[in-house]
Amino acid sequence: MPDPAINILRIDSSGRHEGSQTRQLTDEFVDSLKSRTKVEKVTVRDVSQGIEFVDQDWVFANFTDETERSEEQVRRLANSDQLVDELQEADLIVIGAPVYNFGIPAALKAWVDQVARARKTFQYTENGPVGLLKNKRAVIVTASGGTTVGSEIDFATPYLVHVLGFLGIHDVEVIKAERLMVDADSGIANAKRQIQSFQLDTAA
């Protein structure tokens with residue numbers, strides 16, 4: 001029986017469009033995957049274009065039971081609901097995440113805050129929180145100027161891996177183009193090798 005086509009959610013977060021290494025590498029990753037795998041749909045979410053920040057009204061709306069929310073509270077959560085829907089529909093989440101000052105871009109953190117929703121993407125149990133996004137994989141495509149990815153000063157990729165696991169996505173791969181200000185050619189070449197060797201059918 002042939003493998004079913006997959007849905008990809010691509011998230012771009014670099015503040016740069018021209019010359020962005022994460023955007024270029026994410027382009028290459030998605031194109032490579034499409035050439036080797038049946039892809040039903042690619043949904044693109046460019047968070048650099050603007051994601052609402054969580055504020056008091058958002059928090060009150062989120063913690064109000066769905067059946068009791070006012071029209072204004074429903075409206076206040078509409079964008080968040082759409083972002084959650086995109087996550088729930090995706091089989092593979094591809095996140096382009098440059099390292100900014102040792103962490104992720106503010107817009108990407110805002111996206112995390114919008115999709116980390118109790119009762120929607122995770123739930124609290126007597127044994128602690130449990131992620132609700134099951135049977136999904138994620139790929140983080142990251143680029144850094146001087147930070148070694150995975151080192152003690154990298155607060156970007158470990159954070160994203162943790163957040164994805166918190167939401168139930170434990171199969172996460174990091175494609176890295178690191179220390180580009182030190183040796184750009186080597187960093188880009190390493191990322192391209194990872195892209196070409198990525199296998200979708202290795203999911204647990």
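Helix H1 buries Thr 22, Arg 23, Leu 25, Thr 26, Phe 29, Val 30, Ser 32 and Leu 33. This is a predicted model. The cover over those buried H1 residues includes strands S1, S2, S3, S6 and S7, together with helix H7. S7 runs over residues 171–177 and H7 over 180–197. In an α-helix, residues three or four places apart point the same way, because there are 3.6 residues a turn.

The length of H1 can be checked. The helix has 16 residues, 21–36. At 1.5 Å a residue they should span 22 Å, and the end C-alpha atoms lie 23 Å apart, so the two values agree.

**The nonpolar cores**

In soluble globular proteins, nonpolar side chains tend to be buried together. Here the largest nonpolar core holds 29 residues. Those with the most contacts inside this core are Ile 11, Leu 87, Ile 93, Ile 95, Leu 108, Trp 111 and Val 115. At least two core residues come from each of S1 (6–12), H4 (78–89), S3 (92–98), H5 (106–115), S6 (137–143) and H6 (157–166). H5 supplies the largest share, 5 residues.

What do the buried residues of H5 pack against? Their partners are S1, helix H2 (56–62), H4, S3 and H6. The buried positions of H5 are Leu 108, Ala 110, Trp 111, Val 112, Gln 114 and Val 115. Trp 111 deserves a look in the viewer. Beyond its neighbours up to four places away in sequence, Trp 111 touches Ile 11, Val 47, Ile 51, Leu 83 and Leu 87.

**The cavity**

Rolling a probe the size of a water molecule over the atoms shows where empty space is left. The structure holds 1 cavity of 30 Å³ or more. The largest cavity contains about 50 Å³ of space. Which residues line the largest cavity? They are Asn 7, Ile 8, Leu 9, Lys 41, Thr 43, Glu 86, Glu 89 and Ala 90. S1, S2 (39–46) and H4 each give two or more residues to this lining. S1 gives the most, with 3 residues. By type, the lining divides into 3 nonpolar, 2 polar and 3 charged residues.

Val 149 sits in the loop between S6 and H6. Is Val 149 buried or exposed? Its relative accessible area is 12%, under the 20% limit, so Val 149 counts as buried. Leaving out residues up to four places away in sequence, Val 149 touches Thr 142, Ser 144, Asp 154, Thr 157, Val 174, Lys 176 and Glu 178.

Val 161 belongs to helix H6. Its relative accessibility is 34%, so Val 161 counts as partly exposed.

Ala 5 lies in the segment before S1. Ala 5 is partly exposed, because its relative accessible area is 33%. Aside from its neighbours within four places in sequence, Ala 5 is in contact with Lys 38, Val 39, Glu 40 and Asp 91.

Each of these sites can be paired with a residue elsewhere in the chain.

| Pair | Apart in sequence | C-alpha to C-alpha |
|---|---|---|
| Ala 5 and Lys 34 | 29 residues | 10 Å |
| Val 149 and Ile 93 | 56 residues | 20 Å |
| Val 161 and Phe 63 | 98 residues | 26 Å |

**Positive phi in one loop**

Asn 101 lies in the loop between S3 and H5. Its phi is positive, about 50°, although Asn 101 is not a glycine. How accessible is this residue, and what does Asn 101 count as? Its relative accessibility is 73%, over the 50% limit, so Asn 101 counts as exposed.

Phe 102 is found in the loop between S3 and H5 too. Phi of Phe 102 is near 75°, a positive value in a residue other than glycine. Phe 102 has a relative accessible area of 42%, so this residue is partly exposed.

Terms used. Residues numbered from 1 in each chain as written. Predicted model: local features only at pLDDT ≥ 70, side-chain atom pairs only at ≥ 80, totals over all residues. Heavy atoms only, no water. Core = buried A, V, L, I, M, F, W, Y, C linked by side-chain atoms within 4.5 Å. Buried < 20%, exposed > 50% of the residue type's maximum accessible area, 1.4 Å probe, protein only. Helix = DSSP H or I, 4+ residues; strand = E, 2+ residues; numbered from the N terminus. Contact = heavy atoms within 4.5 Å. 1 Å grid on protein atoms, 1.4 Å probe; cavity = no way out; pocket = protein on both sides within 12 Å on 5 of 7 lines; lining within 4 Å. Points joined across faces, edges and corners; volume = space filled by probe spheres on them. Nonpolar A, V, L, I, M, F, W, Y, C, P; charged D, E, K, R; others polar. Expected span 1.5 Å × (residues − 1).
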